[in-house]
Amino acid sequence: MKNRVKGFTLIEIIVAIGLIGIISAGFLGVISNNYQFLFDTKKITESAFLAQQDMELGIENAKELIASPSNGGLTMHAVSLFEGVSVNYYELANTFDGRTYYTYVSDQRLPSIAKLNVSGVAANKRYDTLSTKYIYPLSNANLRAEFVNDPATIDDLMVNVYSWYVSKPGYNIPVPKGNNSTFFYMTDLPESEVIGRYPVFPSDFYLISTETTADLIDLSPYAGRQVVLTVTPAAKSGKIGNPGISLPVHINGLKQTTGLALHLDASYIDPFNSTEVLAPTNRAVLRWYDLASNIGVANPTQYATSTSSTRRPQVVDTDNANSFVARYLNFDANKDMYIDSQGTSGQTVTYFAVVKGKDIGRDEKIFVNGSFTANVSEIPEDMLQIDGWYLVKGSYTSNSNAFTIGNDNIDLIELYIYTGTVDDVAVTEYIKSKYIPLDSDATILSLYDQTDEVFVGDPYVLPSAVTADMSSGLDRLVFVTWSGTVTTDTPKVVVLTGTSVLDPTKTMTLTVTVKPKILATDVLLTPGILNLQVGDSQQIIGEIVPNNANDQTIVWETSNPSVATVTDGNVTALSVGNATITATSGDGAASNTCSVTVSAVPVAIDTMPTGLVLQLDAGIGINLNDAYVSSWNDQAGTDNTFVQGLYDYMPGYNTTAINSLPGVTFNIENDEHMIYASNNLESVRMFTKNKTNFSLFVVGKADVVSGDNSTFFSQTAGNATAFALERQSNGKFSVKVKDNRVISVNGLNGLNLHAVEYDGSTLNYRLNKSLVGTSNTTDYKNSNGSNFYIGRQYSSGYLSGEIKEVLMFNRDLTAAEMTYVENYLYDKWFRTRIKSWEFSASSDVSGLTRHDFSTLNWTSPGYINGVISGIDPNFVLPTMASSEGVNLNNGKTIKIRLKNQTSSAFAQLYYTTYNSGDGGFDEVKHINFPILPNSDFIEYTIDMTGIPKWSGLLKQLRIDPATYAGGFSGPYGSMQIDYIRIIQ
């Protein structure tokens with residue numbers, strides 16, 4: 001039998017290729033709305049499945065042929081997917097029922113990646129751009145997706161798939177949130193308090209197939225309903241990640257809010273929130289929030305409260321026999337609620353109340369507003385249901401802004417107070433839609449049979465409700481009683497009958513299989529030891545022994561979450577230190593550990609080779625006369641400055657020249673150039689007398705000039721050119737020694753990196769980090785009678801172009817040193833800076849905030865200079881607007897040029913982003929990096945690849961240039977920062 005070369009499955013191909021848009025529109029018509037349709041048999045047509053069946057047969061045949069010599073005669077195509085993954089594939093097409101379906105069969109699988117995850121998924125309620133607590137379906141209200149992608153796998157993310165779901169009608173109570181984020185109604189409440197009261201995802205929801213973006217803009221179709229969001233990450237490989245699911249969000253269905261002075265809804269009282277009720281077991285109401293006061297603000301600004309602590313009513317849930325689901329306040333003559341400042345005095349007021357009076361033969365009091373009292377009026381046509389609930393409404397002229405509610409024997413669900421004109425029909429219809437459900441008279445057609453499994457010795461709790469097929473066409477959970485119980489003392493099969501409480505003629509069968517339990521004996525971990533750097537992530541593979549143990553799940557824990565976290569075995573290193581990862585079998589019978597050691601983030605401490613005698617950097621040390629350069633100051637510490645004293649010959653200066661970086665610009669028509677400012681003393685010259693070996697680096701651009709040469713750098717000897725680096729009129733770059741071109745090579749337009757190295761006998765010329773020419777010559781020698789120029793030779797060859805930087809060493813460098821300097825210059829001038837703080841002017845430090853600095857100011861020629869006065873020195877850069885677009889997904893390298901005049905061996909960088917739920921500066925979003933104590937300026941290169949939460953849009957940076965943890969102690973010292981750059 002031939003060995004098959006396994007390619008993609010049909011589903012993998014459809015999803016993978018479909019994501020990048022190369023699958024045909026024929027099949028996109030089936031799956032374009034949402035990938036969930038692939039798994040929801042009610043949403044895919046029968047034709048699609050029949051076509052898939054035929055396509056699967058074609059795929060199997062194609063796999064056989066691809067595995068054979070020369071691909072069995074099939075014509076293979078090549079495509080580069082995602083990040084340069086080359087894939088050979090064969091195209092299949094199949095027409096079924098008038099529609100054409102396409103798929104592709106590959107000769108290989110894409111590389112596997114870790115499963116993508118999202119966390120913190122929520123549907124954020126908003127009025128315009130303001131997050132809010134409660135929401136009406138207004139034109140400026142919307143829901144927005146809120147989530148955090150897994151930082152460990154975010155680089156593999158292609159797209160997030162957004163799916164919105166709306167609940168079936170009849171769920172009037174928002175899900176409770178409790179006091180904190182750990183409360184979850186599905187697990188913290190008994191099943192009997194969840195079933196039928198709150199919608200359960202996904203059984204009680206419909207997919208909104210037309211909504212596939214991160215925002216749900218128009219809420220009007222979902223008024224009075226609950227909405228759930230799922231966010232599912234999709235990988236570059238085409239695989240679908242784990243979906244994150246939000247809590248249901250209740251959209252209040254009241255559409256008329258104009259003139260709404262007061263809206264109290266007892267269903268919105270959270271009985272598990274200690275600011276709203278006394279306790280979950282004593283639901284005495286502390287605050288009844290006015291929903292109308294929440295429009296356009298983050299939280300409601302008004303609420304009703306009792307006139308004393310002894311007069312608080314209880315909030316009660318309607319029981320299962322009630323025809324609708326809601327909460328109400330149970331009042332009597334000793335219970336009331338009071339609210340003032342409603343702006344009703346002197347206004348015509350219209351009120352609506354959903355209320356039940358509990359005394360036969362009299363009209364109970366609902367509320368008192370000044371001299372007006374609203375009473376329960378039991379008009380038959382206003383009865384909502386046979387349960388005794390009424391819609392009571394009326395109008396009057398108010399003479400007070402305060403309302404006392406209750407203080408009589410009533411149950412009250414909702415109260416609306418309007419001023420001005422009211423659409424009575426619209427409000428009435430809305431209230432009736434809540435409390436007279438469309439399917440309130442639906443009957444049970446049948447109950448669905450169920451099967452379940454449980455292990456010997458584990459407890460088994462019979463469900464209180466099962467799914468019923470209703471006459472309304474909807475499925476609903478209905479309560480049942482059982483014919484017996486399930487004991488789990490021995491393996492067996494138990495069959496029970498469930499009988500509907502509402503209709504005892506309807507029954508179903510529950511079959512429970514009690515299985516023998518095989519416990520885990522060990523948890524094998526690979527690897528057993530991890531050595532990581534800050535920001536690294538690595539997967540630990542866990543395996544339950546034996547492999548037939550009933551529970552194959554693994555519970556992961558970390559002993560030190562500030563050092564390393566673990567999710568499904570994926571360990572992320574956060575800070576330097578040690579942690580122990582424990583993997584425990586799901587049955588708790590076995591466990592094992594992996595020790596984790598986290599070291600500092602990789603940082604390149606960039607120090608120049610010795611012998612640097614000249615550094616001219618267009619970003620610093622420039623002195624201007626008007627807009628022209630009068631002097632260019634040496635940064636090598638040897639005082640080898642270049643000047644131009646004649647205004648007409650001064651070169652120009654552009655702060656955003658080539659690559660949006662500064663440069664000194666030269667115009668050949670004006671003979672613009674600069675001269676070495678020497679006093680002819682050998683101690684300050686660039687070379688010692690009779691010196692022969694040197695290394696020169698120039699980052700610059702030279703135009704091709706007809707009939708003339710364009711010179712970067714030269715040295716004279718008497719009336720001749722001793723040395724020159726130039727571009728000839730024919731476009732070639734050349735190196736001159738004693739007026740002879742010893743090397744001449746083809747040139748490139750634009751910015752180039754030139755390097756010339758001479759060891760006394762061999763001269764090497766490197767262009768853009770590659771050796772392009774070599775010459776054996778002993779003619780070059782430095783002498784006191786020579787001088788140096790930038791932008792010209794002895795009497796001609798003026799430069800037309802630009803220079804970014806010049807470096808000169810008084811010796812020939814080793815191969816490793818040459819590579820280092822070239823990489824330094826290339827990273828500095830050729831790589832894209834997505835954001836930089838150059839501090840080239842005093843205005844660049846405005847907006848900085850400082851801590852533990854006695855002074856922090858700008859110093860010429862372009863530094864931040866700070867004198868440290870405490871053990872936690874730091875400064876914060878101004879907040880950036882999200883519109884600045886500093887995308888950290890593209891900027892994985894930070895360069896900081898720092899002068900550390902303290903004993904500290906560590907610095908820190910903190911950051912915040914515009915990612916949802918990010919918050920402010922914290923220990924998760926920071927890195928420590930080593931620095932050299934008591935050192936001069938050094939450029940530190942920090943690799944941010946894989947650093948937690950270094951993604952999305954950058955908001956703010958904080959620099960701690962010296963840390964106490966790094967050995968920092970008094971006297972405190974000082975620091976200077978030349979620049980901070982984020983590089984693509």
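Student: Which residue lies over the face of Y789?

Tutor: A charge counts as sitting over a ring if, for Arg, CZ is within 6 Å of the ring centre and within 35 degrees of the ring normal. In this predicted model, R792 lies over the face of Y789, at 4.3 Å from the ring centre. There's another case at Y910: the charged end of R958 sits over that ring, 4.4 Å from its centre.

Student: And how many aromatic pairs are there?

Tutor: Rings pair if their centres lie within 6.5 Å. That rule gives 34 aromatic pairs here. For a cluster, have a look at Y351, F367, F372, Y396 and F403, which form one together.

Student: Which residues of α7 are buried?

Tutor: An α-helix has 3.6 residues a turn, so residues three or four places apart point the same way. In α7 the buried set is E817, M818, V821, E822, Y824, L825, D827, K828 and W829.

Student: Now S585: buried or exposed?

Tutor: Buried means under 20% relative accessible area. S585 has 1%, so it's buried. You'll find S585 in strand β40, residues 577-585. Its side chain makes a 2.6 Å polar contact with the side chain of D587, and a polar atom of that S585 side chain lies 3.2 Å from the backbone nitrogen of A589. Beyond its neighbours within four places in sequence, S585 is in contact with A520, V523, I544, T553 and A590.

Conventions
Residues numbered from 1 in each chain as written. Predicted model: local features only at pLDDT ≥ 70, side-chain atom pairs only at ≥ 80, totals over all residues. Heavy atoms only, no water. Phe/Tyr/Trp six-rings, centres within 6.5 Å; stacked < 30°, edge-to-face > 60°. Buried < 20%, exposed > 50% of the residue type's maximum accessible area, 1.4 Å probe, protein only. Helix = DSSP H or I, 4+ residues; strand = E, 2+ residues; numbered from the N terminus. Polar contact = N/O pair within 3.5 Å; in protein donor to acceptor, adjacent residues only side chain to side chain. Contact = heavy atoms within 4.5 Å.
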